[in-house]
Amino acid sequence: MILKRAVLMFIQRSQTIIDQEINPYVDQWEQEGQFPAHKLFKILGNAGFLGVNKPVEYGGLGLDFSYSVAVAEELGNINCGGIPMAIGVQSDMATPALARFGSAELKREFLQPTIMGDIVACLGVSETGAGSDVASIKTKAVRKGDELVINGGKMWTTNGTQADWMCLLANTSDGPPHKNKSLICLPMNLSGVHIARKIDKIGMWSSDTAEVFFDDVRVPCKNVIGQEGMGFTYQMLQFQEERLWGVANILTTMEKVVQETINYTRQRKIFSQPILYHQVVHFRLAELQTEIELLRSLLHRATALYIKGNNVTKLASMAKLKAGRLARELSDSCLQYWGGMGFTSDVLVSRFYRDSRLMSIGAGADEVMLSIICKYMDTLPKK
């Protein structure tokens, strides 16, 4: 009962922060193409939102991942996709491997200030020629004495222009592609780190996305997270949390878009009656709400299994696949009922139409999710 009351207070606090510190400025940050990450993350860090399932000794709340999912759902009340995505990178995408496998020294230097919101984190996995195909990355970290010398580049880096450090995946040997990679804590102010450009995107406007190059960047070998050569495995584990977090976050926004569409079509009339009263409209909205609830059930099942220590790669991939496809289907259907207003930038549904397209691409494209599911079903062609 005490824990339940504490969680309810925690959620109420998140609603206050969203209503007072975020949503009033979303339109401005969307126009500017960036939000003030250091300022906002410090507010969230002080409130405990950036380390919900991270160790208490490093500033976290020490709760299980289901509470991170609950926070992700609450963050879906932010009136854009870019800011929740950036928060998710900080709290649940760049830090799981560090919290689980990193040394105490690395946790003090990188994890603790990230949880407190004192520094901004980013994740460096994708490259120009290796997005969903993580095994094909080319960035190298070559050992020279007590240091690693890093050369290469990363693409589509969320928080990249504002980040203080990067959780970097790089090749640290010439071995097999699934066993030659390591995750490295990389300070972004080191000599040789170059922010090549801020990428212009069709959606997620308030979230800065960077292309980053590394030219003989030197980091101590002790900055490797966990065991050298285990980076691919660690990143696959991080993807489980990233994908579940993304599903949780987009669920709330989809519900919000459906409700706003109901409100609009109830008062907007055509042929002398509200648009909502046409059977094709209210039946379609009922179908979409049903799909949302089915996806929520899958998310909660996968989360429940995950916190018990199970591998939920298949279920997480299914949930992400369904979330991306449903977001596209829902945003297109709802936008249609807004008519000309849906084709403006003045309403939430049009912003969701732009932002949600990333769900089927980022953190593994739909086709990769299908391949993973097929692997677990043992239906892939034999080599």
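Biologist: Which hand does the crossing of helix 8 and helix 9 have?
Modeller: The crossing in which helix 8 passes helix 9 is left-handed. Bear in mind that this is a predicted model.

Biologist: Why are helix 8 and helix 9 called roughly antiparallel?
Modeller: Helix 8 spans residues 231–267, helix 9 spans residues 279–306, and the two pack at an angle of about 155°. An angle over 145 degrees counts as roughly antiparallel, so that is the name given to this pair. Their axes are 10 Å apart.

Biologist: What makes the contact between helix 8 and helix 9?
Modeller: Helix 8 contributes residues including Leu244, Val247, Ala248, Leu251 and Val258, and helix 9 contributes residues including Leu285, Ile292, Leu295, Arg296 and Leu299. By class, the residues of this contact are 13 nonpolar, four polar and four charged.

Biologist: Why is glutamate 73 called buried?
Modeller: The relative accessibility of glutamate 73 is 15%. Buried means under 20%, so glutamate 73 counts as buried. This residue lies in helix 4, residues 65–75.

Biologist: What is glutamate 73 in contact with, leaving aside its neighbours within four places in sequence?
Modeller: Its contacts are Ala248, Asn249, Thr252, Arg296, Leu299 and His300. Among these, Ala248 also belongs to the helix 8 side of the contact described above, and Arg296 and Leu299 belong to the helix 9 side.

Biologist: Why are helix 10 and helix 11 called roughly antiparallel?
Modeller: The axes of helix 10 (residues 313–337) and helix 11 cross at roughly 150° and come within 9 Å. With the cut-off set at over 145 degrees, the pair is therefore roughly antiparallel. Their crossing is left-handed. Ala327, Leu330, Ser331, Asp332, Cys334 and Leu335 of helix 10 meet Val349, Ser350, Phe352 and Tyr353 of helix 11. Seven of these residues are nonpolar, two are polar and one is charged.

Biologist: How do you know which side of helix 3 the buried residues are on?
Modeller: The buried residues of helix 3, residues 37–46, are Ala37, Leu40, Phe41, Leu44 and Gly45. They cover an arc of only 135° around the axis, which means that they sit on the same side of helix 3. The face turned away from that side carries the exposed residues Lys39 and Asn46. After helix 3 comes glycine 48, with a positive phi near 90°.

Biologist: What makes the phi of asparagine 159 worth a remark?
Modeller: Most residues other than glycine have a negative phi. Asparagine 159 is not a glycine, yet its phi is positive, about 70°. It lies in the loop between strand 3 (147–158) and strand 4 (165–171). Its relative accessibility is 0%, so asparagine 159 counts as buried.

Biologist: Why is alanine 363 called partly exposed?
Modeller: Its relative accessible area is 21%. Buried would need under 20% and exposed over 50%, so alanine 363 is partly exposed. Alanine 363 also has a positive phi, near 60°, and is placed in the loop between helix 11 (348–355) and helix 12 (366–377).

Methods: Residues numbered from 1 in each chain as written. Predicted model: local features only at pLDDT ≥ 70, side-chain atom pairs only at ≥ 80, totals over all residues. Heavy atoms only, no water. Axes fitted to C-alpha atoms, helices over the stretch in contact; angles between N-to-C directions. Helix = DSSP H or I, 4+ residues; strand = E, 2+ residues; numbered from the N terminus. Parallel < 35°, antiparallel > 145°, perpendicular 65-115°, else oblique. Left-handed = near helix turned anticlockwise from the far one by under 90°. Contact = heavy atoms within 4.5 Å. Nonpolar A, V, L, I, M, F, W, Y, C, P; charged D, E, K, R; others polar. Buried < 20%, exposed > 50% of the residue type's maximum accessible area, 1.4 Å probe, protein only. Arc of directions from axis to C-beta.
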